Every structure is written in C-alpha cells, then in structure tokens.
Amino acid sequence: MTITTAVPIEIASELSQKALDYITELVEGTYALEDILEFIKEYNSDDFIAYYVDYVEQGERVGYDVVDAFLQENNISDVARVEDAFIGNYDSEAQFAENYYNDIMDVPSALVVDWEETFHQSLGYDYDYVEGYVFQSNF
C-alpha cells in the first residue's frame, strides 16, 4: 500500500487507497489539503470522492457559506444543485415573503400582513430559509 506523504499518517491509515490517490491528484492540482481533510472529517471519504469537486465548484460560484447552509437542509449528494436552488440572501423569512409577493403582485400598502406567518403558511413548503439564505426546496 502506498501512503500519501501529504496526508497525516493517522488520517491516511483510515482512508482507502482510492481516496489517498484522489487526494494526491487534487493537491497536485489547485486544491488545498487542509480543506480536503476538513471535508472528509465532516462527511466521509466516499462522499469526498463523489462530491468534493462539486462542493468546491459550488462554493466558488455562490460562496461556501451558502453551500454549507444548503447542506444543513439537504444531502451532500445534492451539492451540485446549490446554484440552481439558491434564491438569495434575506434578513428574515418575513423579508423574503414580502419581496416574493411584491414581485408577483401589487400588494396594497393598506393591508397589514404578517409576512412571517405568510412564509410559514404559503412558502415554507417550497422554500427553505437557512441562516439568512433562501433555497428552493423542490429542485
């Protein structure tokens, strides 16, 4: 068995040769070993092989904070869909609901609307609000 010298021995001993070879390939490219090891610790080596490049690509497109928020509500296998599911950054569920309905109709200013409750009753099935980010939940 060949051990990748870039990976600490205590971690390398727990990884398959396939994972070690892939780490070597990525590190020889433009990927940071520390980030790779953090990903493997958060998920696992199989998910690393299957989804790490998608995770990085999505992180570079929309921001790693957005990707990490998305993954709080979704599976790592869906990581390639972050950019498509991402709606935007909002201060609250209420702000998103108000913007959503103002964009699709002329909401009379004389109405008093509980936008937070509107989100939960009308939009919460189709959208997820996570740490200030809104994602479509049906992608």
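Leaving aside neighbours within four places in sequence, which residues is Phe48 in contact with? Select Phe48 and look around it: Ala19, Tyr22, Ile23, Leu26, Ile36, Phe39 and Ile40 are in contact with it, where contact means heavy atoms within 4.5 Å.

Before you go on, a word about what is on your screen. This is a predicted model, in which local features need pLDDT of at least 70 and side-chain atom pairs count only at pLDDT 80 or more, while totals for chains, interfaces and linings use all residues. Residues are numbered from 1 along each chain as its sequence is written, and side-chain values use heavy atoms, with hydrogens and water left out.

**The whole chain**

Zoom out and switch to a cartoon view. Followed along the sequence, the elements come in the order α-α-α-α-α-α-β-α-α-β-β. The chain is more spread out than a compact globule, because its radius of gyration is 20 Å, well over the 14 Å that the globule rule gives for 139 residues. That radius is taken over C-alpha atoms, and the rule is 2.2 Å times the number of residues to the power 0.38.

Now show the surface. Its accessible area comes to about 8,400 Å², and 43% of that belongs to carbon and sulfur atoms; areas come from the Shrake-Rupley method with a 1.4 Å probe, and for residues only the protein chains shown count as cover. Of the 139 residues, 38% count as buried, meaning under 20% relative accessible area, with exposed over 50% and partly exposed in between (1.4 Å probe, protein chains only).

Colour by charge next. The chain has 4 positive and 31 negative charges, and their mean positions are 11 Å apart. Lys and Arg count as positive and Asp and Glu as negative, with His and the chain ends not counted; each charge is placed at NZ of Lys, CZ of Arg, CG of Asp or CD of Glu.

**The loop between α1 and α2**

Go to Leu15, in the loop between α1 (9-12) and α2. Is Leu15 buried or exposed? Leu15 counts as buried, at 10% relative accessibility. Show its contacts, not counting residues up to four places away in sequence, and you will find Val7, Leu20, Ile23, Ile40 and Ser45. Leu15 and Ile40 are 25 residues apart in sequence, with 9.6 Å from C-alpha to C-alpha.

Glu14 sits in the loop between α1 and α2 as well, but Glu14 is exposed, with a relative accessible area of 67%. Draw a C-alpha to C-alpha distance from Glu14 to Ser45, 31 residues apart in sequence, and it reads 9.2 Å.

**Helix α8**

Move on to Phe119 in helix α8. Phe119 is buried, with a relative accessible area of 3%. Its contacts, leaving aside neighbours within four places in sequence, are Glu93, Phe96, Ala97, Gly124, Tyr127 and Tyr129.

Then select His120, also in α8 (residues 115-123). His120 is partly exposed, at 37% relative accessible area, and touches Glu93 and Tyr125, not counting residues up to four places away.

**Last stop: Glu131**

Where does Glu131 lie? Look in the loop between β2 (127-130) and β3. Most residues other than glycine have a negative phi. Glu131 has a positive phi of about 50 degrees although it is not a glycine, and at 58% relative accessibility Glu131 counts as exposed.

Notes
Helix = DSSP H or I, 4+ residues; strand = E, 2+ residues; numbered from the N terminus.
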